[in-house]
Amino acid sequence: SGNVGTFATTSQGQLPIETLRHSVVTTTIGGTQYLYVIGGDNATTIRSTVYKATIDSSGNVGTFATTSQGQLPTIHQYHKTVTATIGGTQYMYVAGGYNGSIFFSSLYKATIDSSGNVGTFATTSQAQLPQTKYNHNTVTATIGGTQYIYLIGGSISGGNVSTVYKATIGPDTLAAPTSTAYSVVTNTDQLTTGISGNAWIGDH
């Protein structure tokens, strides 16, 4: 029926520290589902941490740990994270954000290995965001075998925006896929008002 049942913390691994303004993604590798918590802060300290936990066959979240996980090169909050599979390899992308004094236009990519471990984050060969961006939302979609990434709404240093940007990830034949230049989505209605793009998960 699609109805959501009662929420409970029973048998769920809890975050090692209180966390807000972070990003969360899941991915499945080799039949195992993983949950990642990236960056964020605890209201006093902004972090660059990447936590990984396994989700078991009953849907229970295991222990969160940073062991063997590539950490963000710089502290991040208000960023967004997505994953994509290109040519059988899983990648993680971290877009935009804020470090407490500087707004980012960066797009970082890391490879996720067969054990679900996140590799080194780098901006090499990645098209960077067309403007600084935080508090936005980011999603990916596969259309006709091509992967796309979308940046939706959010905030810039001058205020909130309603822009929807699209970029291509790939193609699958490339060993090291890159994101092409971003463009405003055409033939698609833009958001009618500036939206800050809050998507609080385990947060706020």
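Colleague: What makes D41 and R21 a salt bridge?

Modeller: The closest N and O atoms of D41 and R21 are 2.8 Å apart, and a salt bridge is defined as a side-chain nitrogen of Lys or Arg within 4 Å of a carboxyl oxygen of Asp or Glu, so the pair of D41 and R21 at 2.8 Å qualifies. By this rule the count comes to one salt bridge. This is a predicted model, in which local features need pLDDT of at least 70 and side-chain atom pairs count only at pLDDT 80 or more, while totals for chains, interfaces and linings use all residues. Residues are numbered from 1 along each chain as its sequence is written, and side-chain values use heavy atoms, with hydrogens and water left out.

Colleague: Where do D41 and R21 lie in the chain?

Modeller: D41 belongs to strand β2 and R21 to the segment before β1, 20 residues apart, and the pair thus links distant parts of the chain. Strands (E, at least two residues) are DSSP runs numbered from the N terminus, and the chain has 13 strands and zero helices (H or I, at least four residues).

Colleague: Why is D41 called buried?

Modeller: Buried means under 20% relative accessible area, exposed over 50% and partly exposed in between, with a 1.4 Å probe and protein chains only; D41 has 1% relative accessibility and therefore counts as buried. Y98, at 18%, also counts as buried, and buried residues make up 44% of the 204 residues in the chain.

Colleague: Why is the pair of Y78 and Y98 called tilted?

Modeller: Rings of Phe, Tyr and Trp (its six-membered ring) pair if their centres lie within 6.5 Å, and planes under 30 degrees apart count as stacked, over 60 as edge-to-face and the rest as tilted. The centres of Y78 and Y98 are 6.5 Å apart with planes at 45°, so the pair is tilted. Y78 sits in the loop between β3 (46-55) and β4 (80-86), and Y98 in the loop between β5 (89-95) and β6 (107-112). Y78, Y98, F103 and Y134 form one aromatic cluster.

Colleague: Which residues touch the most other members of the largest nonpolar core?

Modeller: A nonpolar core is a set of buried Ala, Val, Leu, Ile, Met, Phe, Trp, Tyr and Cys residues joined through side-chain atoms within 4.5 Å. The largest one has 14 residues, of which Y36, I38, M92, V118 and F121 touch the most other members. β1 (23-29), β2 (32-41), β5 and β6 each supply at least two residues of this core.
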